[in-house]
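Biologist: I am new to this structure and would like to learn how to read it. Could we take a few features in turn?

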Amino acid sequence: MSYKKSLLLPGDVENLRRRSVADLGKPSVDPEQHHHVPRRPSQTDWLCVGPQYPDLGAVETPSPDSSAHYFCHYTPKCFLSVPRGGHASSRSTPSRCGEEGWHESTTKTTIRAENEVEAQREANNYKFGFRKWKGNVTEKPIEDRSDVIKGLYSDLSIVKPQEGPVVTFGNIIYVILFGWWISLSYFIICPVMFLTIFGAPYGKLCFKMALYFMWPFGKSIEKAGDVVKRSVAKPPKCEVIPEERDSDNSKDRVSDKDTRPLLISTPIPIEIPVPEPSARKTSKHWCRISTCVWLLLGYPVLAVVHSLACVLSWLLVFPIPVAKMNARTLTIVLLMAPEDIQVHGLDKQTLAYETRVILCCYQAFNVYYYKYTVQGINIFALNMLPLVLFTLIVGYTDREHNFCSAEAKFATAIASIIPLSYYIGMGIASISAQSNFAVGAVVNATFGSITEMTFYITALLQGHNAKTKCYEEVVKSALTGTLLGCILFVPGICMIIGGIKHQEQRFNSRSAGVSSALLFISVGGVFAPTLFSKTFGNLMCESCTNIPSNASVAFICKHCHYDTSSADPQLILAHIEPLVYTISVLLPSAYLIGLIFTLKTHSHIYDIHISDVQGGHAHGGQYAQEGTSNFYPTGHHVVHWSRWRALGVLIVSTILMACCADLSTENIEPILTHSRISQYFIGVTVLAMVPELPEIVNGIQFALQNNISLSLEVGSCIAVQVCMIQIPLLVLFNAFYDVGFVLVFSDIHLWASIFSVILVNYIFMDGKCDYFQGTALVVVYLILLALYFFAPSPRSC
């Protein structure tokens, strides 16, 4: 083994050690967590090579023959730098990590992406009008993930050193929910197998499995004679050993020191199972009479038991280890020869190393399973797919409500919108991340508001067919509820959760100012016909009482409102409708001008700098303007959904969304007519916020990672799209197919929206926030909800 000879300064040794440990121990960093990013080697470089760090001086470099002993693999990363607060005007692009680079990095937020597709997704999050998406659209290598995430994807076949006791609250809950009845099933099958005489070996197996499933923790199921254990040495980490500088050292020590490797490892004895040659022979237990008896009498019953436990634990998400344990038992353990199955307790000697077994479980519950994904799909969205199928089957087959009430159908239809909205969001993010800016803009404009528009149009059609204006009022309440929730509740809850973790968070005040200006324009345009009707309409009252004794007040009236049709039948046709059509043209035009302003002429507001990993250069502005970049490292990545697959998911999800929206509006009538709750409250809460739950979750995740800018943009983007895209589209739909939709809102919608926009504009002025400001927004939102809850029902309902 030979090493290149070089010297290392004392201060550089410590710096190099920190970089080595950080690169090996921290594969991923949360966005905006670090203010500056040091230069990192490329994929083909050694982790601790001197020539790639000229500012650190020379270091000893292992020769190629030693790579088998001291090889440190590094995965290339992409870094995106986005401006912070009021420093968005700084657009310097330094080519080295010097004083200029330090000054720039302190004013920008650094985001690390794994590959070019993820970098494109991150860049799209900062583009105005694009749907914000937190989840990855590419598959991240399991070796680059944290130990917690690696444990989520374990198949329960590896014995690992256990930290902490096995008697935990989650394991006790397992015994209460699953353990006792699974164990009881084995105890029932056990005497049956003994009575058949031929099935006695399987009766012994049932007894062992009954004891195992009553408390499986700290035990392992192994195959007898299947493995032998071999001791090997495993280099866990690389560590830099500083050079000792002692003037009294002999020349021999200096010579030995010059040839000493910088990266050394301490061998740790572990034992790896190696299959014996005899174990590879095909088992003959399938030809036995006992196996036939087992497959006829024992296995079918236990298959039902384990399948039920597997489904229940999988749907509950957090006890997914129980699902894996039952699945492996059903597909592997119960199909083995009974004499080959051994159940052992894990003693301290066994826990000192890793070895492979058939089944070993330490925890029944894990709270981190909310991060579990299958093909990039979150486990909650995946588990809600059966609900969508159930809703469609029951909704369209049970028209007479023989098996399910209308209220239950409405609840399932509304809940089914949540996973479909998630799939639409992931499909948009996948296509946008793999396409250029034009394609991404078209996809976001086409499918970005499809969830809400589907419900609004089906509700208006339902009201038109039923010849009632109640559905129109519900749609207006849902529009207002979405606006209020996105400018009060979404940023408020994100400020609270992010402020509790990070105390104070800063955001780009200039980008927030653009959103605030667009909100003012939106609210002014949407409610202009309402103000017009109050100015030129007549005040109509439904209940008036004459008081002869009172000379000053002759009548006391109730249920008064402004009516534009009674006083002048031509007022709507001659004045309000042209005003509505004019506003429906101006609002999308303002939205288009906002796109040009933020993405083209003033793109530095959302400026995104891509840091070249190999050279350490920052390339700013180009990504935000053109949507592409040529500075990515060539790293291998696998996308979860290709563009065609994502497009197919978008189309199918849109069709299913239309069906669920149709079922929800069809079965909402009993709630509107017989419920004591105001129809206003139903519209601004359930119908407005349920489809936005995936967006709320994305905003909270951004806030937890100290990226409050994107959290605020999530709510502002939806609110602006409601006013500038969705409402003009409803007006356009009504122009071609008259469903009686008139853009005149109730007073409660008018004043609640105006007050909310003024309040949120005041909060966004200083470019920083904390949990107190978030609490203020949430409290105001709850006050408005109380106002809607106690408000009387609309006159048309």
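Modeller: We can begin with one residue. Cysteine 494 is buried, with a relative accessible area of 0%. Buried means under 20% relative accessible area, exposed means over 50%, and partly exposed lies in between, with a 1.4 Å probe and protein chains only. This is a predicted model, in which local features need pLDDT of at least 70 and side-chain atom pairs count only at pLDDT 80 or more, while totals for chains, interfaces and linings use all residues. Residues are numbered from 1 along each chain as its sequence is written, and side-chain values use heavy atoms, with hydrogens and water left out.

Biologist: How many disulfides does a search of the whole structure find?

Modeller: A disulfide is a pair of cysteine sulfur atoms within 2.5 Å. The search of the whole structure finds zero. Cysteine 494 is in none, and the nearest cysteine sulfur, in cysteine 769, is 9.5 Å away. Cysteine 723 is also buried, at 2% relative accessibility. Its closest cysteine sulfur, in cysteine 486, is 10.0 Å away, which is too far for a bond.

Biologist: What share of the residues of the chain counts as buried?

Modeller: Of the 797 residues, 50%. The chain has 27 helices and 21 strands; these are DSSP runs numbered from the N terminus, helices being H or I with at least four residues and strands E with at least two.

Biologist: How far apart are the end C-alpha atoms of helix α6?

Modeller: The expected span of a helix is 1.5 Å times one less than its number of residues. Helix α6 (residues 200-214) has 15 residues and should span 21 Å, and its end C-alpha atoms are 21 Å apart, so the two agree. Among its buried residues are Tyr202, Leu205, Met209 and Phe213. The buried residues of α6 pack against elements including α5 (169-195), β5 (219-223) and α8 (289-315).

Biologist: How many cavities of 30 Å³ or more does the structure hold?

Modeller: Rolling a probe the size of a water molecule over the atoms shows where empty space is left. On a 1 Å grid over the protein atoms alone, a cavity is a set of points where a 1.4 Å probe fits but cannot get out, and lining residues have an atom within 4 Å of a point. The structure holds seven cavities of 30 Å³ or more. Of the 16 residues that line the largest cavity, the closest to its centre are Arg131, Gly448, Glu695, Ile718 and Gln721. Helix α25 (residues 708-736) gives the most to this lining, with six residues.

Terms used:
1 Å grid on protein atoms, 1.4 Å probe; cavity = no way out; pocket = protein on both sides within 12 Å on 5 of 7 lines; lining within 4 Å. Points joined across faces, edges and corners; volume = space filled by probe spheres on them. Contact = heavy atoms within 4.5 Å.
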